[in-house]
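Please open the model in a viewer and keep the selection panel at hand. The stops below proceed from one selection to the next.

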Amino acid sequence: MRIVLLGPPGAGKGTQAARLAQRLGIPQLSTGEMLRAAAAAGTETGKKAEAIMQRGDLVPDELMVATVVERISQPDAANGFILDGFPRTIAQAVALDDVLSTRTQSIDCALELKVDEDVLVDRILNRAKEAEANGHAVRGDDNHEALKVRLNLYRRQTQPLADYYRARRILKSVDGLQPINIVAASLLDAIEA
Ligand code: AMP
């Protein structure tokens, strides 16, 4: 099963993707995590992405598409995957569909976590505060300024993907404001429906 998980920053994509991955026995492919790991390792991709991520901006489509195509070509993704944080633009979605179609594959399901924007800012700033209080590293883009950019880009560039996948009849939307377990169950129901 090939799944994409859509949702604004702070909607709980990472948490839910991890649960789904475990439940379905397919890998969670988080582009944000890949980029943060690349930045920490100082790779070419990491170097290009670091300052962009810090600002809350989007990394260029070509770089993201190349990263994802390489990752989904690994053996552990042969039977499916959950993409968490990709696609974020229509161009990325089209490129993904094109690559998959050359392999006679396609995205089976696009899951959308719907969360009110007012809640997101508080959620993310709390996440940063909690991380700090627990002595964990705080993400460089979990601050007011970068968050404004991230939410703005989500609205303009990523939100239209819901229509893109709705037109392909594979969009399933779930209320992301419910408790974590209920969201997880709703996502599983949506996949099985
Ligand atoms: P995330 O962990 O999904 O919130 O991603 C963190 C940051 O990584 C984003 O704010 C972007 O700067 C970058 N990023 C992750 N995925 C993508 C993508 N598909 N396209 C462009 N930039 C991305």
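Begin with the ligand and T31: an N or O atom in the side chain of T31 lies 2.8 Å from a nitrogen atom of the ligand. The model is a predicted one, and the distances quoted on this tour are computed from it.

One of the polar side-chain atoms of R36 is 3.0 Å from an oxygen atom of the ligand. Then select D57, where the backbone takes part: an N or O atom of the D57 backbone is placed 2.6 Å from an oxygen atom of the ligand.

Now widen the selection to the shell around the ligand. The shell holds 16 residues, and those that come nearest are T31, D57, G85, R88 and Q92. Which helix supplies the largest share of this shell? It is α2, with 4 residues; this helix spans residues 31-41. By class, the shell comprises 6 nonpolar, 4 polar and 6 charged residues.

Hide the ligand and display the pockets. The space that the ligand takes is the largest pocket, whose volume is about 1,000 Å³. Its lining consists of 50 residues; to find the centre, select G10, K13, R127, R139 and R150, which lie nearest to it.

Colour the lining of the largest pocket by element. The strands β1 (2-6) and β2 (28-30) each supply at least two residues, as does each of the helices α1 (13-24), α2 (31-41), α6 (117-133), α7 (144-158) and α9 (180-192). The largest share comes from α6, with 6 residues.

Proceed to the second largest pocket, which has a volume of about 160 Å³. Select R36, A39, A40, E50, M53, Q54, R139, G140 and D141 to display its lining. Helices α2 and α3 (44-55) each give at least two residues to the lining of the second largest pocket. That lining is made up of 3 nonpolar, 2 polar and 4 charged residues.

Two stops on the backbone conclude the tour. Select F86 and P87 and inspect the peptide bond that runs from F86 to P87: is it cis or trans? The bond is cis, with omega near 0°. P87 belongs to the loop between β3 (81-84) and α5 (90-102).

Finally, follow the chain to T104, in the loop that runs between α5 and β4 (109-114). T104 is not a glycine, yet its phi is positive, at about 50°.

Key:
Residues numbered from 1 in each chain as written. Predicted model: local features only at pLDDT ≥ 70, side-chain atom pairs only at ≥ 80, totals over all residues. Heavy atoms only, no water. 1 Å grid on protein atoms, 1.4 Å probe; cavity = no way out; pocket = protein on both sides within 12 Å on 5 of 7 lines; lining within 4 Å. Points joined across faces, edges and corners; volume = space filled by probe spheres on them. Nonpolar A, V, L, I, M, F, W, Y, C, P; charged D, E, K, R; others polar. Near = heavy atom within 4 Å. Polar contact = N/O pair within 3.5 Å; in protein donor to acceptor, adjacent residues only side chain to side chain. Sits in = over half its atoms within 2 Å of the grid points.
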